[in-house]
Amino acid sequence: MKSKVYFTRTITPEKVLEMYEVLGKELTGKIAVKLHSGEEGNQNFLKPDFWKPIIDKLNGTVVECNTAYEGSRNTTEKHLITIKKHGWSRYFDVDLMDAEGPDMILEIPEGKVIQKNYVGKDMKNYDGMIVLSHFKGHPMGGYGGALKQLSIGCASSYGKAYIHGAGEPEKIWTADHDLFLESMADAAKSVHEYFKGNIVYINVMKNMSVDCDCCAVAEDPCMDDIGILISTDPIAIDQACIDLVYASNDKGRDHLIERIESRHGIHTIEAASALGYGSREYELIEIDD
């Protein structure tokens, strides 16, 4: 069975909400809204007003975790200031899930590289999750989408170092690169399965820089915007985004593809697929205006 991925070329806040309704998957209970709050200085992240209709519809709580690198979000105190500066707490309830320890540990007995995932302990307070991803390049992962939000995004500060270090947090920047990518796939599985199907993924292909929203100094977008995708399968939605980039005739596509390929970005999708919590085979269903 191919996974269904719905796609529209129209990118508006209202269209995000419409795509959720088209998907026909109703999230129930208390919903965590995982998104990227944006490093201070970053110009490309998707702002609160863009996500407001879907968050309001779900009465969701925006959730984030502290980073494992120096910047404006690596301590609870600094991160909360950045969240306020960027307007998130003006519009929404916000939960910094690892604001204080101890971390919550999700077991991954079938993980290829890591068998534990350290996430913000407040994850236990939610019945479901919507993962709102800004699809773009990434300096280490090659690209950032649903799988990265599930793994690095939901991991605590310690958990991020643990994934980057492929189980050895002291090797955060020196671990074997493919083992890091496989660790992301392992960690993503644990969060995806934690919510037992009460989870939805939206990837927005807008402001596509080769750099992540975690970069205080990021390159400007190199490609024209492509659209919005939604699915219940995090592997299929990321694969669909990659395929749309490759299929594009945009003059900036080669720059983004070089970033993805030079970091072996597709390996995260390959590793996730091998773990079996989604499929690279999908049906892309385009929704017209």
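Okay, let's start with a pair of strands: S2 (residues 31-34) and S7 run parallel to each other, joined over 4 bridges. Strands here are DSSP runs of E with at least two residues, helices are runs of H or I with at least four, and both are numbered from the N terminus. Two strands count as paired if DSSP finds at least two bridges between them. In this pairing, alanine 32 sits opposite methionine 129 of S7.

Before I go on: this is a predicted model, where local features need pLDDT of at least 70, side-chain atom pairs count only at pLDDT 80 or more, and totals for chains, interfaces and linings use all residues. Residues are numbered from 1 along each chain as its sequence is written, and side-chain values use heavy atoms, with hydrogens and water left out.

Back to S7, which also pairs in the parallel sense with S10 (residues 199-205), over 6 bridges. There, serine 133 faces asparagine 203 of S10.

Last stop, threonine 268, over in helix H10 (residues 266-275). Threonine 268 is buried too, with a relative accessible area of 2%. Leaving out residues up to four places away in sequence, threonine 268 touches Leu147, Leu181, Met184 and Ala185; contact means heavy atoms within 4.5 Å.

How values were computed. Buried means under 20% relative accessible area, exposed over 50%, partly exposed in between (1.4 Å probe, protein chains only).
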